[in-house]
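The exercises below are meant to be worked through with the sequence and the model open side by side. Try each task before reading its solution.

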Amino acid sequence: LVSITNGPAAKTDSVMHSPTMKVIMLNMEVVKPLIAHEPETVQALMTLIFIRDISSPSALARPSAKLGHPMELFHENAWDGGLWRSPYNLESAGTFIFIRHYLRLYGAIPILLA
């Protein structure tokens, strides 16, 4: 049995202690379709995904499942928080979010980016 799930960005204590990551996580929604979830949401849904993996006869996590490729294990339950659907990678989106935040903080941002 192999249960592998790619979870989304979550506002956990270990992430939010970094000032840079805190700014990015609290403002991620400005780059659609990215979203940062609350830890309780991620914990609850990841638990349900795990329960499905160990109990459903149709789950790819089951030893009897026939895989075309091992990466199918990641694909079946992927919960990416928008990252895989975004035209931007996390580095470029994070840079934009960080710069936008400080421009807004100091009142230097044009209306179009607000």
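**Exercise 1.** Which residues make up the largest nonpolar core?

*Solution.* Keep in mind throughout that this is a predicted model. The largest nonpolar core has nine residues, namely Met16, Ile24, Met25, Met28, Val31, Leu34, Ala36, Ala93 and Ile97. Then take one member and look around it: leaving out residues up to four places away in sequence, Ala93 touches Val31, Leu34 and Tyr88. As background, nonpolar side chains in soluble globular proteins tend to be buried together.

**Exercise 2.** Find where His37 lies, decide whether it is buried or exposed, and list its contacts.

*Solution.* Begin with the position: His37 sits in the loop between helix H2 (19-27) and helix H3 (39-55). Its relative accessible area is 16%, and because buried means under 20%, His37 counts as buried. Finally, once neighbours within four places in sequence are set aside, His37 is in contact with Pro8, Ala9, Ala10, Lys11, Val42, Trp79 and Gly81.

**Exercise 3.** How many salt bridges does a search of the whole structure find, and which residues form them?

*Solution.* The search finds three salt bridges. In one of them the side chains of Glu38 and Lys11 meet, with 3.3 Å from N to O. This pair links distant parts of the chain, 27 residues apart, with Glu38 in the loop between H2 and H3 and Lys11 in the segment before helix H1 (13-16). Lys11 counts as buried at 18% relative accessibility, whereas Glu38, at 40%, counts as partly exposed.

Turn next to Arg52, which forms a salt bridge with Asp53, the closest N and O atoms being 3.8 Å apart. Asp53 is buried, with a relative accessible area of 1%, while Arg52 is partly exposed at 31%. Arg52 also forms a salt bridge with Glu76, where the closest N and O atoms are 3.3 Å apart. Glu76 lies in helix H4 (residues 72-76) and Arg52 in helix H3, so this pair ties together parts that are 24 residues apart in sequence. Through shared partners, Arg52, Asp53 and Glu76 are joined into one network.

**Exercise 4.** Which residues line the largest cavity, and how do they divide by class?

*Solution.* The largest cavity has a volume of about 30 Å³. Its lining consists of Val2, Ser3, Ile4, Asp53, Ala61, Leu73, Glu76 and Asn77. Sorted by class, the lining has four nonpolar, two polar and two charged residues.

Definitions and conventions: Residues are numbered from 1 along each chain as its sequence is written. This is a predicted model: local features need pLDDT of at least 70, side-chain atom pairs count only at pLDDT 80 or more; totals for chains, interfaces and linings use all residues. Side-chain values use heavy atoms; hydrogens and water are left out. Helices (H or I, at least four residues) and strands (E, at least two) are DSSP runs, numbered from the N terminus. Buried means under 20% relative accessible area, exposed over 50%, partly exposed in between (1.4 Å probe, protein chains only). Contact means heavy atoms within 4.5 Å. A nonpolar core is a set of buried Ala, Val, Leu, Ile, Met, Phe, Trp, Tyr and Cys residues joined through side-chain atoms within 4.5 Å. On a 1 Å grid over the protein atoms alone, a cavity is a set of points where a 1.4 Å probe fits but cannot get out, and a pocket is an open set with protein on both sides within 12 Å along at least five of seven lines; lining residues have an atom within 4 Å of a point. Grid points are joined across faces, edges and corners, and a volume is the space filled by probe spheres set on the points. Ala, Val, Leu, Ile, Met, Phe, Trp, Tyr, Cys and Pro count as nonpolar, Asp, Glu, Lys and Arg as charged, and the others, Gly among them, as polar. A salt bridge is a side-chain nitrogen of Lys or Arg within 4 Å of a carboxyl oxygen of Asp or Glu.
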